[in-house]
Amino acid sequence: SGDWSSDVCSSDLTLGRVRSLVVKRPPEQLWPSLRDFWRENGFELTSDDPKIGLMETSWAENRAAIPMDGIRKVIGRVFDGLYSTGERDKFRTRLERTAQGGVEIYITHRGMLEDYADASKTRTLWKPRATDTELEIEFLRRMMVALGASTETAKTGAASVAGATKTPAAAPLSQIEGRPTIVLNDTLDRTWRRTGVALDRSGFTVEDRDRSKGLYFVRYVPP
């Protein structure tokens with residue numbers, strides 16, 4: 001894909017807990033590299049839709065959560081398959097075009113935790129767990145490096161993300177013309193991006209969207 005180091009910028013932090021990576025390349029050129037990025041990090045893609053700028057990975061086990069106890073150290077990697085962390089992760093990548101012809105890239109995390117279904121502990125079920133914003137930062141950092149930024153630049157960008165100013169809070173749910181409404185003290189452009197990220201983190205599938213009318217078309221698929 002060539003040297004993109006000068007086109008990969010540090011994360012845009014003005015959205016608080018919503019992180020983005022600014023790349024001065026059109027999405028058509030960037031999309032194949034994003035596919036390769038997730039596959040090289042061990043994920044399969046279950047959704048790959050350049051038209052709406054969304055890419056989603058399958059659920060994958062969080063192998064980093066396996067404890068390195070004495071027995072684990074002795075038997076090593078031979079019996080890796082016998083261990084289960086009880087945690088699963090998946091990620092969505094969202095691309096938003098910028099006025100300058102590039103894109104803003106957002107990565108959102110969703111997690112599931114295996115827990116006992118009742119006090120008898122005879123069966124388990126999977127429950128949603130909180131979004132891990134540190135994982136989002138880590139994969140944004142890895143993506144910066146994969147797209148040509150230096151490791152040092154990526155570390156600096158990730159550190160800046162962690163210290164971002166908080167996003168303005170939403171007002172309580174209200175009614176406008178009989179419809180439940182959330183009123184945000186923010187610009188339309190930033191609110192559009194925040195809404196997209198909130199939908200991603202909440203598990204909604206974006207079927208289509210119309211930026212000119214401010215509309216997202218979504219469906220909810222239970223985890």
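Me: A salt bridge is a side-chain nitrogen of Lys or Arg lying within 4 Å of a carboxyl oxygen of Asp or Glu. How do you know that arginine 201 forms a salt bridge with glutamate 136?

Reply: The closest N and O atoms of arginine 201 and glutamate 136 are 2.6 Å apart, and the limit is 4 Å, so the pair qualifies. This is a predicted model, in which local features need pLDDT of at least 70 and side-chain atom pairs count only at pLDDT 80 or more, whereas totals for chains, interfaces and linings use all residues. Residues are numbered from 1 along each chain as its sequence is written, and side-chain values use heavy atoms, with hydrogens and water left out.

Me: What makes this a link between distant parts of the chain?

Reply: Arginine 201 sits in helix α5 and glutamate 136 in helix α3, 65 residues apart, where helices are DSSP runs of H or I with at least four residues, strands are runs of E with at least two, and both are numbered from the N terminus.

Me: Where do arginine 142 and glutamate 138 lie, and why is each called partly exposed?

Reply: Both lie in helix α3, 4 residues apart, or about one turn of the helix, and their side chains meet in a salt bridge at 2.9 Å, N to O. Arginine 142 has 35% relative accessibility and glutamate 138 has 25%, so each falls between the two cut-offs.

Me: What makes the largest nonpolar core a core, and how many residues has it?

Reply: A nonpolar core is a set of buried Ala, Val, Leu, Ile, Met, Phe, Trp, Tyr and Cys residues joined through side-chain atoms within 4.5 Å. The largest such set has 23 residues, and those with the most contacts inside it are Leu21, Leu30, Trp38, Ile105 and Met143. β1 (21-23), α1 (27-40), β5 (87-97), β6 (103-116) and α3 (133-146) each supply at least two of its residues, and the largest share, 5 residues, comes from α1. A second, separate core of 6 residues includes Ile52, Leu54, Val206 and Tyr216.

Me: Why is isoleucine 107 called buried, and with which residues is it in contact?

Reply: Isoleucine 107, in strand β6, has 3% relative accessibility and therefore counts as buried. Its contacts (heavy atoms within 4.5 Å), leaving aside neighbours within four places in sequence, include Trp38, Phe91, Phe139 and Met143. The C-alpha atoms of isoleucine 107 and methionine 143, 36 residues apart along the chain, are separated by 9.8 Å.

Conventions: Buried < 20%, exposed > 50% of the residue type's maximum accessible area, 1.4 Å probe, protein only.
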